[in-house]
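Please keep the sequence and the model at hand while reading.

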Amino acid sequence: MSAAAPRRAAGGRGGAARRPARGALGGLAPAAGLIALAAAWELAARSGLLAQALGIDEATRGVLVPAPTDVAEALWADRALLAANLRVTLVEVVAGLALSLAAGLAAALAMHLSRPLERALYPLVVASQTIPVIAIAPLLVIWLGYGIGPKLVVIALICFFPVAVNTFDGLRSVDPAAIRMLRTLDADRRSILLRVELPTALPYFFSGARIAVAVAVIGAVFGEWVGADEGLGHLMLVAQGQLLTARVLAAVAVLSALAVALFWSVGAAERRVAWWGRESLR
């Protein structure tokens, strides 16, 4: 046994050393796929095959079917315009996310702590996901004006559901034996919630937050499409009307980068705040 233990320890250190290498290799696969996709898009756009497939006239294919290099040129040439509108959209996304996270956590706690509230609220939480946001967004503009209010409501409606449902499931997943043990130590309801239930639910909360942050950008764009005078969604509408397709795709690229950055930011916060959730998956 004494000889086997060092071998296991060495193997564990070797596994830890190999994990960064596997992570680096894993990161190369998406990059290679993206490069291959961009190369195929460039070839199809330059040769006219993409325009033919879309039924677009040869004379306008350079405008309506830009190549990746055209989008890259638009990203650089319009960098100041894109940055100014990105700041507006970023404020909307962060504020809408904060609102949805707070509302989702509050709803999950209310349903967990009260059975009557669970029976009353859970159907409403599910119904919130069935609302056609793109249809009611114009009404929100009429009611709330062209400010940030309608955008926050749209983002909150889209992001609220995954946060509330995931957190509620986390609160219900606590081991009953742990609760019984705390009760034998005369722990009250507040202590059980703070010491066991919330820590158990925190990884679930972050799981819902990662889903929410991925779709929050879509909500901001919906809100800007129906009523805004700035923001990347508004910029896309204006550029589309001017047939500046490369600028439209440049704005899409910036929005995608924003969503990815926010997604990884939430993941980094989870690793620092709720690391036990990730450890349990290893």
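## The largest pocket

Helix α10 gives the largest share of the lining of the largest pocket, five residues. Helices here are DSSP runs of H or I with at least four residues, numbered from the N terminus. Both α10 and α12 supply at least two residues of this lining. The lining consists of Ala214, Val217, Ile218, Val221, Trp225, Met236, Val252, Leu255, Ser256 and Ala259. A pocket is an open set of points on a 1 Å grid over the protein atoms alone, where a 1.4 Å probe fits, with protein on both sides within 12 Å along at least five of seven lines; lining residues have an atom within 4 Å of a point.

The space in the largest pocket is about 160 Å³, counted as the space filled by probe spheres set on the points. Its lining has nine nonpolar residues, one polar and no charged. Ala, Val, Leu, Ile, Met, Phe, Trp, Tyr, Cys and Pro count as nonpolar, Asp, Glu, Lys and Arg as charged, and the others, Gly among them, as polar.

## Basis of the model

The model is predicted: local features need pLDDT of at least 70, side-chain atom pairs count only at pLDDT 80 or more, and totals for chains, interfaces and linings use all residues. Residues are numbered from 1 along each chain as its sequence is written, and side-chain values use heavy atoms, leaving out hydrogens and water.

## Helices α10 and α12

The axes of α10 (residues 189-226) and α12 (residues 245-273) come within 9 Å and cross at roughly 165°. Axes are lines fitted to C-alpha atoms over the stretch in contact, with angles from 0 to 180 degrees between N-to-C directions. The two helices are therefore roughly antiparallel (an angle over 145 degrees). In their contact (heavy atoms within 4.5 Å), residues of α10 including Phe206 and Val213 meet residues of α12 including Leu262 and Val266. This contact has 16 nonpolar residues, no polar and two charged.

## Helices α11 and α12

The axes of α11 (residues 232-241) and α12 come within 8 Å and cross at roughly 165°. That makes α11 roughly antiparallel to α12.

Technical notes:
Angles under 35 degrees count as roughly parallel, over 145 as roughly antiparallel, 65 to 115 as roughly perpendicular and the rest as oblique.
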